[in-house]
Structures are given as C-alpha cells and as structure tokens.
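Have the sequence and the model at hand as you read.

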Amino acid sequence: MEVFLRVLEKDYSYYRFFTKLCDGEYTTGELNNFIERLFKIGESYLNHRYSRIKNLVNSNQDTLEEIAIEAIAPLFKNANYNNHFNIVDDIRNWNPPINSENESLFFLNKIISNRMEQHISRMLRESDPFFSRILDSVNYLIRTGGYKKVSYLGKVHITEPKNSNINWIVITDDEFYKIPTYLFYESKILLKSLFYFIKTETQYFPAIPLNELIFRLKHINLSDYLSSDYVNDISDKIEISEILNIALSYTEKKLKSSYLDNGKLTIEEYESFKCALKTLAADLGDGGVNPCLYKYLAPYISGLTKEEYQKKYHNILEYLLKQLKSKIAKELR
C-alpha cells in the first residue's frame, strides 16, 4: 500500500462507511469524519511528493492542506442531478466491485492519487506556461504513438500499449535523472528511445513517469525543448530565451505606458521595476517564482519596507507578473 495511506487508522472501516455512503444511511458527523480523513490522506500524499510541487506551493501561496482540499472537494459534489456525491458513482462503478476493507483501501489509493495528480498538473499548467506547452507536446506523442497513461504508486506513468499493467518496480526519480541527456533530444523517437533504454539498461518496469519527464525536458536545456503545433511535425524547436525576451519586452512596454507615462511611477521607480521584471522572467523560465514579490523589488529601491511595498507597489508588480505569464503563454501557442 502507498506511503501516504499509512495515515489510515486500523480501527476505522472504510468499507463499512462506503456501504453507508452508497445507501445514504450516514450521519453528518460520519460524513465529516470521512471527508476529513480523505483530506489528511491527500495532504500526506502531497508531503510524499513535495519535492516536485514545492514551487507550486510557493507561487500560489497555498498550504499542502489547502491544495489537498481543493483536489478532493470535487468528489463530494452532487453527481449529474442525482441526490448523491460523485464519489458514490466512483464506488459503484469500480471494477472489480469493492467487497472488502483491502479493496476499499486500494480504491482510495487510486482515486486520491489520481485526483492529486490531476490537480497538480492543472496547477502546473496555470503557474508555468512552459510546463503546459511541454505537457501538450508529450501528450501528443503519447496519443500518436498509441502509448498509455497509467496511475501507479501515486504517479502517472507512460507505458507501452502491450505493457499497460505495471507489475514490477518502476524507475525512481534519481535514476530517471541519470538517463543520458542525448536520448531526450530527438522528439519523434523520444518515448521509444526511453523505453528501449529502461528495458535494456535497467532492471525497472518499462514505464516513464510523466511529470518527471516534463521537468527533465524543461531543465535539460533552456534553449531547446519540444513544441507542438497544428501540424503533425512535433520536432520543431523553440527558443525559451527568445520567448522570455519577447514577453519581457512586452511587459516593460506595459510598465512604461501604464505607469511611467501616466505619472504613476517616477523614472527611478520605473527603472527599479524593469530590473525586478528581468529577475522575475529568469525565475519564471526556471519554473520557480518566489511568492514574496517584495524580494524582487527590494534590492532596487533603497530602504523599501514590506509595508511600503504592499501599499505602493504590490498591485503593480502582481499585475505585471500576470502580463508576463500571459504573453509567454500566447507566444507558446
């Protein structure tokens, strides 16, 4: 059973509550207790995966608990005009049917890890336009190559069509990052090359961790990574640095027209914001914007306090960051 399921208490029967939930014979207290347990499981799962989502927590200023709640909450929305929760349909439609406590735990393992991974991917898409673009490219390769996406041990993995049931140890994050860099450059044979390497050079099951693949592609070389297009050729390369420069130039023009030309900022403040934007763009290219935007401006305005920053400059810098992200996303499209 998964690491994050260790938070489950032995004296509580999820299978027994599943029966009550499906029959509608539960009390409000029992339901709240069940939901709270799922939130704790979700938070434990995120702790287990924290090394990969810490930038999300920072950039969104959400706690792991808040992210877990956001991810699991849709399970308790009413399902298609029926007078029951979505999770009830999930329980009833699970195949094979849930008939024991162990099967209930297996179900929770799958449904919670899937909800977490979907939510993390959505947050990554929204916070990092480069991640979104690479994910689209990899999904294109998966779709056109007939590969499968399988959730295993709390992660989404890519598998070959004939090996979609993972039944052996999968590659660890550390070992995945040791795969030779040159295998990641030929986009058309990327997945084929990685599967061949894992099967011939390691003892792991041929499965590629999806998010780790995207992070690896992004950080191998900031000037080269996959791009998808409306045509079937996905091998085109795009320059991250070029896109960052375009977006930075666009945002600096916004800064000038909206704040300097209108007298809302002095020339000294304007130059300070330009410096802060360059640092923000560099960090965004690396996927790690600091949630405390004050730290980007403080080095360029002598004696700037956090209180003064919040009062005079925070809304401006937050707006400019949104413009920067938006322009990057537009250029990637």
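In which helix does K327 lie? K327 belongs to helix 15, which covers residues 314-332. Helices here are DSSP runs of H or I with at least four residues, strands are runs of E with at least two, and both are numbered from the N terminus. A word on the ground rules: this is a predicted model, where local features need pLDDT of at least 70 and side-chain atom pairs count only at pLDDT 80 or more, while totals for chains, interfaces and linings use all residues. Residues are numbered from 1 along each chain as its sequence is written, and side-chain values use heavy atoms, with hydrogens and water left out.

Is K327 buried or exposed? K327 is buried, because its relative accessible area is 15%, and buried means under 20%, exposed over 50% and partly exposed in between, using a 1.4 Å probe and protein chains only. Leaving aside neighbours within four places in sequence, K327 is in contact (heavy atoms within 4.5 Å) with I246, A247 and Y250.

Now step back to the whole protein. Its secondary structure comes to 15 helices and three strands. Of its 333 residues, 48% count as buried. Among contacts with a separation of 6 or more, 63% are between residues 24 or more positions apart.

What lies inside? In soluble globular proteins, nonpolar side chains tend to be buried together. A nonpolar core is a set of buried Ala, Val, Leu, Ile, Met, Phe, Trp, Tyr and Cys residues joined through side-chain atoms within 4.5 Å. The largest one here has 60 residues, and those with the most contacts inside it include F34, L38, F76 and I87. Helix 6 (101-127) is among the elements that give two or more residues to this core, and its nine residues are the largest share. Take I87 as an example: beyond four places in sequence, its contacts include L21, F34, L38, F107 and I111. A second, separate core of 32 residues includes L265, Y270, V289 and I328.

Finally, how confident is the predictor? The pLDDT, its confidence in each residue from 0 to 100, averages 82 over the protein, and 83% of the residues score at least 70. Over residues 1-7 the pLDDT is below 50, and this stretch has 20 contacts in the model beyond near neighbours in sequence.

Technical notes:
pLDDT = per-residue confidence, 0-100.
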